[in-house]
Amino acid sequence: MAKNASSSSSSSMQKINREDDELILDGSESGWVEARTHCDHLDSLSPDLIHIPTPNTSCSRCEHPKENWLCLCCKEVLCSRFVNKHMLQHYQHQQHNLALSYSDLSVWCFSCDAYLDVQAIVPLRPAYETAYLLKFGQPPPFRSMD
């Protein structure tokens, strides 16, 4: 069996490793990220994550209209590290660990350096559900946690 497999597109190439007669796909080249199902920094969450700014809110520092994140500790909206890095600077100065992306509604913990699973971590659900409703006009679908 071949050690590497590739598709016609080099950007979608994945390594296939053979280990004890079991194939394991290495997702590191595919862009796949496994969200964490726990986080030790949830005590910094704002107590009111139902009343949040709308997803079309501009960065409070540079007024950039896109790629903005909501701080889940103080509810300030700031731009991403791919724009002017205001949310990253906010974390570095305020130690506010948790932020929700208004682009894809993912949640990032700066201290864990990881995405968090908003469906598995119950305290994150109010912010996610409210942001989803504001962005799409309907409640989010939830997967079964069984």
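User: What pattern does the protein chain follow, read along the sequence?

Analyst: Happy to start there: this protein chain runs β-β-β-β-β-α-β-β-β-α. This is a predicted model, where local features need pLDDT of at least 70, side-chain atom pairs count only at pLDDT 80 or more, and totals for chains, interfaces and linings use all residues. Residues are numbered from 1 along each chain as its sequence is written, and side-chain values use heavy atoms, with hydrogens and water left out.

User: What makes up the secondary structure of the protein chain?

Analyst: Two helices and eight strands. Helices are DSSP runs of H or I with at least four residues, strands are runs of E with at least two, and both are numbered from the N terminus. Helix α2, for instance, covers residues 125–136.

User: Why is F136 called partly exposed?

Analyst: Buried means under 20% relative accessible area, exposed means over 50%, and partly exposed is in between (1.4 Å probe, protein chains only). F136 has 47% relative accessibility, so F136 counts as partly exposed. F136 is found in helix α2.

User: Which residues of helix α1 are buried, and what covers them?

Analyst: In α1 (residues 86–94), the buried ones are H86, M87, L88, H90 and Y91. Their cover includes β4 (68–71), β5 (77–79) and β6 (98–101). Just after α1, Q95 takes a positive phi of about 60 degrees.

User: What makes a set of residues a nonpolar core?

Analyst: The set must consist of buried Ala, Val, Leu, Ile, Met, Phe, Trp, Tyr and Cys residues joined through side-chain atoms within 4.5 Å. The largest such core here has 23 residues, and those with the most contacts inside it are L72, L100, Y102, L116 and L124. Helix α2 gives the most to this core, with four residues. Apart from it lies another core of twelve residues, among them C59, C79, M87 and Y91.

User: Which residues is Y102 in contact with, leaving aside its neighbours within four places in sequence?

Analyst: Contact means heavy atoms within 4.5 Å. On that basis, the partners of Y102 include I52, P53, W69, V77, A131 and K135.

User: How many residues line the largest pocket, and which classes do they belong to?

Analyst: The lining has 14 residues, of which W69, S80, R81, F82 and Y115 lie nearest the pocket's centre. By class, seven are nonpolar, four polar and three charged. Here Ala, Val, Leu, Ile, Met, Phe, Trp, Tyr, Cys and Pro count as nonpolar, Asp, Glu, Lys and Arg as charged, and the others, Gly among them, as polar. A pocket is an open set of points on a 1 Å grid over the protein atoms alone where a 1.4 Å probe fits, with protein on both sides within 12 Å along at least five of seven lines; lining residues have an atom within 4 Å of a point.
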